[in-house]
Every structure is written in structure tokens, then in C-alpha cells.
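This report describes selected features of one protein model. The sequence and structure are shown first.

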Amino acid sequence: MMMKKIFLSLLAIGFAFNLYAQEPNDFEDSDVIIKDTVHYQLKFLAGDEIIYRVESHDSITFDFDDALIRDRYERFKIVCDSVDNKGLFYLTVAFTDYIAAESKGDIQGVKRDYSPWSGRKVCLIIDSVGKRHRAYNPNTSEAVMSSGGAFQPFLLFPFLETDKAVNESWLVKSVDTLVENGFPSAILEHSNLMRAEVDIDTLGYDCSQFRFVKTASGEVDVPMQEQMIITKATINSGGRMLISKDLLLPIHFFQSIEQKLRVYFSETDVKTGKHFINANFILESHNRKK
């Protein structure tokens, strides 16, 4: 029983505010097609150090127990180690500076300032449209999960297209290893319906933007005390990405997620739960070598 409680606490926790995820018919709410073209592209230079402020609110329940509510505040740091002759970006990323407040039932406002995932560096190799060419965790000595769980929103995801007309939609399918969310890492198979939107000035940047709805299924297998614990997730979510037209970096990323979880301790011992997350990534600082 204790092992189960420890494992379930690793899965991430949260806050079920109003979900932002759009329904698919939101992409059909305009009869007017604006012919203006928007451009989407990422660009990192060797030596870049980029920090995002991450504010997340999430809620998790298992087997009708009281919801565990968590408001958490982190930073997400990206360092570009190099760029190869094919234009692939070699990135090291990590969550840092963890602060959280937790409540469950009669226990309210418990403060936390430590997460075992903070400072754990992982490596990504991506291209200018977010496609992952490799993702790996250089530290495989112990199983550790992020505070938001194996399937929490991830900033660097594939959008695959560069030039789109405003209001134009496109579909992106991908299978990705979410190394930035824990080790062992979850495998996520996801389909994203994207929609291009008009350029916008926000947070001091001129940005291109798109919104999306996502459906996904994922799995993560975690060995614990000579036992393999398997977690499977069915995910519905939606959000919005804003990319600076000058820096070609994400300026703001919002995503809300509803996860339906099944945790298999054995073939007959299965726990079911739900996990809601609202997450905001906001560019805080950017240091680029001239």
C-alpha cells in the first residue's frame, strides 16, 4: 500500500480550473478565409540560454478520493549546445526553481520548495518545425518523475508547417518520447489539429500564433521494488503557441489537459484516476551570443 501511495504521488498533481481546450468545431467557426500568410519557425544559435517562467495548476484524483490540488511555479531552461550543418538544434533542457502549494481535503496550503526532478538535464535534437530527431536522458541511474507527471504539457512539440494562410488548418501526427517529464520517459502518440491565426503584438514581441486541439494516448513503465508499474493515459487537450517573429523562439505557450489514467500494479490490481493541468510557459530571459 505504501508503495502505491509513493508511486501515485509521482504522477503530478493539479488544479481543475476552466479548461481551455477547444472542441474541433471551433476550427469551423469562421466562413471568412483571410488570405494573409503567417510564418512559423524556430531558431536556436549555439550558446543560447533561454529561461521560461512556468505556472501550472493541476488536480488529480484516484478512485474517488479527495482531489490533490497543486499550484506550482517553476522555470524551464534551454541551452543550445550546437547547431549542425543540417540545421538541427542540439539542446539541453531542465526544470528548475520549484515552488508549490498543495491542498487535499482538510489539509490546505502546504508549501513545497523541492522537486526531485528539478535540475535534471535532458537532451533534445530538434529541427526548425519542432520535430524531434532524438530525445534522451543522460542520467538513467534512478527513476524520477517531474512534478507535473509523465504526460504534462511540453513546450517543444512538432508543428511541422511553416507558411499558412490565416484560418487555415492542418493536421500533425507524431510519436514522441517525453524525456523532459521524467525517467523512465513516457511515449506519447498524439494527433494535433492546428489552426493559423493572425499575427499579434504581445509581451513586447511581434508574434506569429496558432492554436490547436490534441488527442493522445501514452504509456510509461516504471520499475519499483522488483515490480513493473505501468501507467496508461488517454488525453484530450488544447492550447495556443506564440512565436516571436524576430527571435524565432516561443514567447508564450498555454495548454490545458484532461488525462484519464489507468495504473497497473498487476493484471488484477488497477487504479483509475483523472489529472487536469493548466500550464503557461512565458519567456523570462534570453541570452544570445552576438
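## Basis and the nonpolar core

Contact means heavy atoms within 4.5 Å. The model is predicted: local features need pLDDT of at least 70, side-chain atom pairs count only at pLDDT 80 or more, and totals for chains, interfaces and linings use all residues. Residues are numbered from 1 along each chain as its sequence is written, and side-chain values use heavy atoms, with hydrogens and water left out.

Leaving aside residues up to four places away in sequence, I78 touches F44, D48, E49, I50, Y52, L91, T92, V93, L155 and L156. A nonpolar core is a set of buried Ala, Val, Leu, Ile, Met, Phe, Trp, Tyr and Cys residues joined through side-chain atoms within 4.5 Å; buried means under 20% relative accessible area (1.4 Å probe, protein chains only). The largest such core has 65 residues, of which F44, I78 and F210 touch the most other members. Strand β13 supplies the largest share of this core, seven residues; strands are DSSP runs (E, at least two residues), numbered from the N terminus.

## K214 in strand β13

K214 lies in β13, residues 205–224. K214 is buried without a salt bridge (a side-chain nitrogen of Lys or Arg within 4 Å of a carboxyl oxygen of Asp or Glu). The nearest side chain of opposite charge, D176, is 6.8 Å away; Lys and Arg count as positive and Asp and Glu as negative, while His and the chain ends are not counted.

Note on methods. Helix = DSSP H or I, 4+ residues; strand = E, 2+ residues; numbered from the N terminus. Buried < 20%, exposed > 50% of the residue type's maximum accessible area, 1.4 Å probe, protein only.
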